[in-house]
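Reader: I am new to this structure and would like to go through it with you. Could we begin with the charged pairs and then turn to the helices?

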Amino acid sequence: MSIATSEDAAWDSRFNPAAIFREWRRREPYLAGATLVYLVACLPVLFAMQIDERTYLDISVWIKPLKFLTSIACYFAVLVWFAGYLPAGTTEKRWYRLYSALLVACATLELIWIIVASAAGIGSHFNTGTALMSFAYTAAGIGAVTLITGALVYGVMIWRNPTPQLSPGFRASVIAGLLLTFPLTFVAAGYLGGAPSHFVGGNASDAEGMILTGWARDGGDLRVAHFFALHAIHFLPLLGLATIWMRSAGRAVATVWTGSAAYVALTAFTFIQALNGEPFLAMIP
């Protein structure tokens, strides 16, 4: 007999995008609203890319705002869904409402900083050429650390909260994804923030980077490890979804923990690889 449960079944034969979207918004309306705002904000950025020919590091000045808008939207979107696994009544408590407002404030201020810098045709990250930009960079770093505490807080609360509507494998993957996102990102992004650039060797240009990601192909790129670290919150739960059809709960959980260990190893490998000035998957166009 399958160990899949009612929550998991929503992703199976009864998959209904409209119903899932309504449920998603119901679980955490505030973060859901911020997510939608960030996605809508991608539209004027895309328009700006079409009419503004200025570049930074040899690519459009608007690439970075687009990446950060979509990345933070994806981060919040998963937190919104996972809010349904928090202890009952958590999202109605005053401390939680203040905390979620803090997360949105940190994300929004960082996005404004990046967009304004791009509109001015200058870099946001690693830009310490003036006292103002140095202060903004430091403040953004503090905000970014605050932002990823959301994964840690959610992970601890879900870990401590029985969630019988989840299959054991999927529950383990949600907890692993949340709890690993914070330390992995703290290390990868923390080192990246203190470096002079995301490049390690090679040409300081994004023009010849990998398709979609822009990662360097002629040297190390610290953004690779940062990407895998931050998106553990997405990739590991996907692994958990793949286990819901396993007949053995123990096997499903073991699969998740094995996959989580492999994911940590992959993130560490890409970090060390970048430090050694080696490109990630250099043969990919």
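Predicted model: local features only at pLDDT ≥ 70, side-chain atom pairs only at ≥ 80, totals over all residues.

Reader: Which residue pairs with Asp206, and at what distance?

Author: Asp206 forms a salt bridge with Arg223, with N to O at 3.1 Å. The two residues belong to distant parts of the chain, 17 residues apart: Asp206 lies in the loop between strand S3 (199-200) and strand S4 (220-221), and Arg223 lies in helix H8 (residues 223-230).

Reader: Are Asp206 and Arg223 buried or exposed?

Author: Both Asp206 and Arg223 are buried.

Reader: Which other salt bridge does Arg223 form?

Author: The side chain of Arg223 also meets that of Asp221 in a salt bridge, at 2.7 Å from N to O.

Reader: Why does Asp221 count as buried, and why does Arg223?

Author: The cut-off for buried is under 20% relative accessible area. Asp221 counts as buried because its relative accessibility is 3%. Arg223 is buried because its relative accessible area is 18%.

Reader: What about Glu208: which residue does it bridge to?

Author: Glu208 forms a salt bridge with Arg217, and their closest N and O atoms are 3.9 Å apart. Glu208 counts as exposed, at 58% relative accessibility, whereas Arg217 counts as partly exposed, at 30%.

Reader: Which residues are linked in a network of salt bridges?

Author: A network of salt bridges links Glu23, Arg26 and Arg27.

Reader: Let us change topic. How many residues of helix H9 are buried?

Author: Helix H9 (residues 232-241) has seven of its 10 residues buried, and is thus mostly covered. The buried residues include Ala232, Ile233, His234 and Leu236, and Pro237, Gly240 and Leu241 are buried as well.

Reader: What covers the buried residues of H9?

Author: The cover includes helix H4 (63-82), helix H6 (131-160), helix H7 (168-194), H8 and helix H10 (249-275).

Reader: How do the axes of H8 and H9 cross?

Author: The axes of H8 and H9 come within 5 Å and cross at roughly 55 degrees. H8 is therefore oblique to H9.

Reader: Which residues meet there?

Author: From H8, Phe227, Phe228, Ala229 and Leu230 meet Ala232, Ile233 and Phe235 of H9. By class, this contact of H8 with H9 has seven nonpolar residues, no polar residues and no charged residues.

Note on methods
Residues numbered from 1 in each chain as written. Heavy atoms only, no water. Salt bridge = Lys/Arg side-chain N within 4 Å of Asp/Glu carboxyl O. Helix = DSSP H or I, 4+ residues; strand = E, 2+ residues; numbered from the N terminus. Buried < 20%, exposed > 50% of the residue type's maximum accessible area, 1.4 Å probe, protein only. Contact = heavy atoms within 4.5 Å. Axes fitted to C-alpha atoms, helices over the stretch in contact; angles between N-to-C directions. Parallel < 35°, antiparallel > 145°, perpendicular 65-115°, else oblique. Nonpolar A, V, L, I, M, F, W, Y, C, P; charged D, E, K, R; others polar.
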